[in-house]
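User: Hi! Could you walk me through this model? I'd like to start with how the chains meet.

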Amino acid sequence: MKFRIYRYNPDVDQKPYMQDYELNDVESGMMLLGALLKIKDTIDETLSFRRSCGEGVCGSDSMNINGINGLACITAVAGLKQPVEIRPLPGLPVIRDLIVDMEQFYQNYRDVKPYLVVDDPMPEAELAQTPEQRDKLDGLYECILCACCSTQCPSFWWNPDKYLGPAALLQASRFIEDSRDQATEERLAALEGPFKLFRCHTIMNCVQVCPKGLNPTLAINNIKKKMVKRSL
Amino acid sequence: MPDIPRRQFDSLIIGAGGGGLRAALQLSNADASVAVVSKVFPTRSHTVAAQGGMNAALANVLPDNWHWHMFDTVKGSDYLGDQDAIEYMCRAAPKAVYELEHYGVPFSRMDNGSIYQRPFGGQSQDFGGDQAARTCAAADRTGHAILHSLYQQNIRAKTHFFDEYFAVDLLKDQQGNILGALVFNIHNGEPVVIEAKTTLLATGGAGQIFRTTTNALINTGDGMSMALRAGVPLQDMEFFQFHPTGIAGRGMLITEGARGEGGYLINADGERLMERYAPKAKDLASRDVVSRAIATEVREGRGCGPNKDHVMLKLDHLGEDVIQKRLPGIRQTCITFIGIDPAKAPVPIFPTAHYTMGGIPTNRDGQVVVPVKETPEEPVPGLYAAGECACVSVHGANRLGGNSLLDIVVFGRAAANHIIDYLSENRYHRRLDSDSLEPALQRMQRWDKRANGDGESVSVLRDELKAVMENHCSVFRNEDVLTAGVAKVEALVERFKDARINDDSAVFNTARVEALELENLFGVALATIHSAQARKESRGAHSRIDYTERDDKNWMRHSLYSLEVGVDYKPVRTKPISVDSFPPKARVY
């Protein structure tokens with residue numbers, strides 16, 4: 001099986017280049033991460049990428065696979081067009097090979113104050129929440145911060161420091177929708193202005209690539225509705 | 001003193017999983033300055049993969065009591081757990097869950113708005129009576145929900161994170177005080193000395209010593225091996241948990257919650273096999289019991305598939321609604337990795353390396369303790385450990401499902417509280433000399449220069465180690481196999497001295513990280529297989545076919561493995577804090 005992989009090490013390379021690799025024994029059911037590990041272990045130790053859980057829950061091995069962002073560990077190699085072209089996530093600075101600098105992405109995440117705010121005194125036991133209220137968090141809390149969505153979003157590419165991007169906005173929605181949270185007003189107010197939220201042009205790349213099957217566009221639209229209601 | 005940048009904090013935490021983050025939050029909230037060093041961004045830590053839930057006697061679904069939880073945990077530990085620590089954990093559990101809920105963890109809910117709890121293995125009401133429902137769950141993504149909420153709260157608390165920094169070794173002075181650690185920034189290879197009045201190891205487990213494992217690639221026992229090199233023995237390392245339901249041949253975890261929700265195991269004859277091994281608890285017996293049952297079925301020829309090498313987990317009778325509501329994550333995992341929808345067909349499973357019961361010995365305040373002359377447990381000043389890398393020991397010879405998420409938050413918090421006291425009595429940093437810095441630097445710099453090519457590669461040695469551990473230190477063990485295994489691991493350690501890497505870049509050098517990780521895996525593997533060979537009895541997860549019985553007279557004691565003296569022992573703390581001790585009894589489920 002043939003692979004064409006983006007290489008760049010600022011220590012030695014003037015500019016990035018694509019390198020070809022070939023694996024002869026690709027087992028059935030092999031995931032792309034397995035193939036990359038095999039290349040690293042048996043052909044080229046210098047090939048660099050992040051990885052951890054290997055089962056799609058930690059969000060480490062996000063990359064651009066044949067033009068589409070995804071997690072290597074849950075992408076089967078069997079269905080991929082050859083040579084499989086693998087690049088780092090677009091729109092973020094490359095540190096080395098498939099490893100990007102995620103700081104801007106994390107900064108945007110921190111900007112939405114992604115933590116539960118409760119002003120009232122805490123009860124001795126749990127804060128009550130009905131199953132219906134809890135259901136509203138489904139599709140929001142499962143985000144693994146892999147950045148596949150934000151780095152496939154043209155609005156984020158043009159204004160990564162002004163537009164928060166789908167991942168951060170999904171988190172904003174996760175707390176706006178949480179019946180226990182008491183900072184809804186502040187959260188909505190913080191998203192005012194032309195950029196932070198409203199640069200979403202409903203291109204929906206985020207929905208297409210999310211490896212967890214989440215729908216950031218829907219979350220963003222729900223926030224927009226709440227903001228309209230608030231301004232009336 | 002080498003010219004290396006230095007940073008000073010009150011407290012250093014190594015590891016940013018649930019244990020490290022819970023401790024960091026407690027310390028930040030107490031206005032201590034905290035540095036959290038993690039080789040991965042915090043939400044990539046392995047806590048994220050925990051599925052089924054966290055035990056606490058909330059009694060939201062069925063009657064419950066912390067004392068029943070304590071009994072189950074002592075029995076589950078096969079009487080090797082320390083009963084003071086177990087009492088402490090079980091009593092603290094409800095408050096620990098409520099705190100997490102207040103931090104924002106999106107637990108699943110009951111109709112009355114309280115936290116949903118599911119039945120898990122080894123749980124009983126009234127000291128061995130009917131099945132209990134003690135495991136607080138956020139669908140089957142409880143670890144993800146807890147880890148993200150704890151990280152989020154640390155953002156609020158402005159904890160100082162060193163993301164993608166690798167900890168090389170602990171630094172200590174002549175008197176044995178731990179003064180921080182040498183770390184390096186993976187992004188640019190630059191070393192940094194982090195000086196701290198206290199250091200907490202929260203580096204997680206070491207499942208990567210085995211070939212087939214539910215563990216993440218990062219679970220390489222770094223903190224355990226750092227402790228070993230600092231002269232701290234590792235405790236009870238022969239007790240490694242094999243989870244009954246890893247996906248056969250692949251290793252992905254299928255939560256015990258799948259059986260808690262009503263799933264069960266069948267063999268090639270379609271028989272519910274657990275009825276023979278645990279007539280009462282059946283599929284919700286302790287993990288060691290279920291794993292042995294599956295391995296026995298396969299050994300006796302009743303395995304499924306063309307090679308008769310696994311059994312089946314049946315879930316389809318639960319209905320698609322229950323599976324989608326309660327087990328959405330494992331459903332997706334099965335579809336992705338083996339193309340089977342558990343709502344439609346049974347899932348092939350086999351026991352898979354899962355959890356390191358042993359680790360760095362601590363007391364219930366999280367202080368690392370070592371034998372000094374006649375005292376079996378003397379605290380090492382300034383050094384703490386919590387979570388899977390530690391051995392308090394609340395899990396003894398076999399951990400109950402749902403007790404590991406509990407362990408990390410309870411003892412992360414307890415360690416932080418002790419650290420706060422320690423800081424109030426130790427207001428200034430002690431002087432750091434270069435004695436312990438030199439070997440740490442050498443260990444790191446060994447991989448800087450391109451080697452000449454006569455040694456073997458890191459990946460070849462790592463693959464061999466994992467195969468040796470799987471073949472020689474698995475579910476069933478005996479003297480001959482273990483003795484051969486010890487020799488093989490020691491031979492690999494020798495060969496590692498000439499190992500090489502072919503990457504000398506300073507920028508995000510993952511080959512160097514993997515080399516340092518392999519060195520850590522060797523420390524853990526040595527401790528595990530030596531301790532296993534030395535223990536001539538069967539207890540919990542340590543099953544010897546040549547010593548099939550538990551032997552309380554000779555072996556109800558903790559193993560301690562150190563590089564200096566090999567295997568030694570210390571007594572179990574059988575006295576709880578406030579209640580009567582649970583004396584050892586035959587374990588029947």
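**Chain B against chain A**

Analyst: Happy to! Across the interface of chain B and chain A, 35 residue pairs are in polar contact, both residues at pLDDT 80 or more. A polar contact here is a pair of N or O atoms within 3.5 Å; within protein, one must be able to donate a hydrogen and the other to accept it, and residues adjacent in sequence count only if both atoms are side-chain atoms. This is a predicted model, where local features need pLDDT of at least 70, side-chain atom pairs count only at pLDDT 80 or more, and totals for chains, interfaces and linings use all residues. Residues are numbered from 1 along each chain as its sequence is written, and side-chain values use heavy atoms, leaving out hydrogens and water.

User: Which elements of chain B touch chain A with two or more residues?

Analyst: Those are α3 (83-102), α4 (142-157), α10 (328-338), α13 and α15 of chain B. α4(B) gives the most, with seven residues. Helices (H or I, at least four residues) and strands (E, at least two) are DSSP runs, numbered from the N terminus.

User: And how many salt bridges cross over?

Analyst: The rule finds seven between chain B and chain A, taking a side-chain nitrogen of Lys or Arg within 4 Å of a carboxyl oxygen of Asp or Glu. In one salt bridge, the side chains of Asp135(A) and Lys325(B) meet at 2.7 Å, N to O.

User: How much area do the two chains bury?

Analyst: About 4,800 Å², with 51% of it on carbon and sulfur atoms. That is the accessible area (1.4 Å probe) that two parts lose on being put together, summed over both.

User: Switching to α14(B): which of its residues are buried?

Analyst: Leu482(B), Gly485(B), Val486(B), Val489(B), Leu492(B) and Phe496(B) are, where buried means under 20% relative accessible area, exposed over 50% and partly exposed in between (1.4 Å probe, protein chains only). They cover an arc of only 130° around the axis, so they sit on the same side of α14(B); the arc is that of the directions from the helix axis to the C-beta atoms.

User: What covers them?

Analyst: The cover includes α13 (458-472), β19 (476-477), α15 (510-534) and β20 (543-544) of chain B.

User: Which residue caps the N-terminal end?

Analyst: Asn478(B) caps α14(B) there, with a side-chain oxygen 3.0 Å from the backbone nitrogen of Asp480(B).

User: Last one: what is chain A made of?

Analyst: Chain A has eight helices and seven strands, and buried residues make up 56% of its 232 residues.

Notes
Chains are lettered from A and ligands numbered from 1 in the order in which they are written. Contact means heavy atoms within 4.5 Å.
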